[in-house]
Amino acid sequence: MAQAKIAVAGATGRLGRHVAGVLGAAGHQVVPISRSAGVDVITGDGLADALAGAGAIIDVTAGPGSGQAAATGFFTTAAANLQRAGERAGVARYVVVSIIGIGRSAGGYGAAKLAHEQAVLAGPVPAAILRVAQFHELVGVLMDMGRQGEVIYLPQMRTQIIAARTVAGALAAMATSPPAEFAAARAAQAAGAPVPELAGPREENLASLARLAAARRGEAVQIQEVTAADPDSAAAADGSLLPGPHAKLAGPTFEEWLTTQPNSGTGP
Ligand SMILES: NC(=O)c1ccc[n+]([C@@H]2O[C@H](COP(=O)([O-])OP(=O)(O)OC[C@H]3O[C@@H](n4cnc5c(N)ncnc54)[C@H](OP(=O)(O)O)[C@@H]3O)[C@@H](O)[C@H]2O)c1
């Protein structure tokens, strides 16, 4: 696709800001969709104006909760509203980010993302899914969430973690690929090909990554792994989040990425 107008739903998020950055750097016109930009994918406020003249939607939204019911409600409503408004505006394609391994999900956030995928695919605007691994940026978020004094409690997690910027590049490429390429990818999926996956260069362990990040921050904290019985924790611990043999792999590694981050004590 030559230079185009592309709506990025979730443009201010951890992933969305990179999607907007990659598209902008390539000369595309980015329409940011987020409540802070005055557009709400749940109420529909501002959606028609935001999508007017857009060639594609990239959906990298996330709602306020990670519980199955709240997340399912958010994603399915957002997808239905984006599909409906997208059709009215004549949008030609809808690209959505999802998570590797959710096909094996027994519930929780994974099941909500599966419902997200299905809601996106059920709409009239031709859609394509990219399932990706956890983001390098997630390590710092989980560390902050798990901190109790001098100890940081983290879930057991096997992950082939990837930079959000790398994921952004792949989503932008899908949204701007030649029409024949986009149609061929959709046809392959309809014929039963596995959903495309993108992951980082190698399997990592969350606790080890957190130790690297703490060292980078100059923090003397203790990292402790905890187990839980909910479906998301079980999937993280048993390797269900790891990519399949058909996945594309792309750097940088977490360690390489960390060296590019500020070590002010607030990152990564
Ligand atoms: N984090 C990971 O490691 C990871 C891994 C694989 C896949 N993913 C997927 O990647 C996606 C993005 O994740 P993220 O971590 O980048 O999320 P995030 O940082 O929480 O960003 C969420 C974005 O959605 C927007 N948003 C929330 N509610 C909205 C509403 N009602 N209307 C319009 N915009 C709304 C937010 O902007 P406002 O608050 O301004 O509205 C923000 O731009 C999610 O679908 C997630 O499942 C994440």
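Predicted model: local features only at pLDDT ≥ 70, side-chain atom pairs only at ≥ 80, totals over all residues.
E12 runs parallel to strand E9 (residues 197-199) and is joined to E9 by two bridges. Within this pair, Leu 198 has Lys 248 of E12 as its bridge partner.

Strand E3 pairs with strands on both sides. Strand E1 (residues 5-9) and E3 are paired in the parallel sense over four bridges, and Val 8 stands opposite Ile 58 in E3. E3 and E4 also run parallel, joined by four bridges; here the bridge partner of Asp 59 is Val 96 in E4. In a regular strand the side chains alternate between the two faces of the sheet. In E3 both faces are covered: Ala 56 and Ile 58 lie on one side, Ile 57 and Asp 59 lie on the other, and all are buried.

H4 consists of 14 residues and reaches 20 Å from its first C-alpha to its last, close to the 20 Å expected at 1.5 Å a residue. An α-helix has 3.6 residues a turn, so residues three or four places apart point the same way. The buried residues of H4 are Tyr 109, Gly 110, Ala 112, Lys 113, His 116, Glu 117, Ala 119 and Val 120. Charged residues are thus found in this list, including Lys 113 and Glu 117. The buried residues of H4 pack against E3, E4 and E5, and also against helix H3 (68-89) and helix H9 (231-238).

Gly 86 belongs to helix H3. Gly 86 counts as buried because 25 other C-beta atoms lie within 10 Å, whereas the cut-off is 20 or more. Leaving aside residues up to four places away in sequence, Gly 86 touches Leu 51, Ile 57, Val 91, Tyr 94 and Val 125. One of these, Ile 57, is among the buried residues of E3. Gly 86 and Gly 46 are 40 residues apart in sequence, and their C-alpha atoms are 12 Å apart in space.

Strand E6 (residues 147-148) and E7 run antiparallel and are joined by two bridges, with Gln 148 opposite Val 151 in E7. The hairpin of E6 and E7 has two residues between the strands, and Gly 149 in this hairpin takes a positive phi near 65 degrees. E7 and strand E11 (residues 222-226) run parallel, joined by five bridges; in E11, Ile 223 is the bridge partner of Ile 152. The side chains of strand E7 (residues 151-155) alternate.

The ligand is surrounded by 26 residues, of which the closest are Gly 10, Gly 13, Ser 34, Arg 35 and Ala 62. The shell around the ligand divides into 13 nonpolar, nine polar and four charged residues.

Terms used. Residues numbered from 1 in each chain as written. Pairing = 2+ DSSP bridges. Expected span 1.5 Å × (residues − 1). Buried ≥ 20, exposed ≤ 12 C-beta atoms within 10 Å, placed from the backbone. Contact = placed C-beta atoms within 7 Å. Near = placed C-beta within 6 Å.
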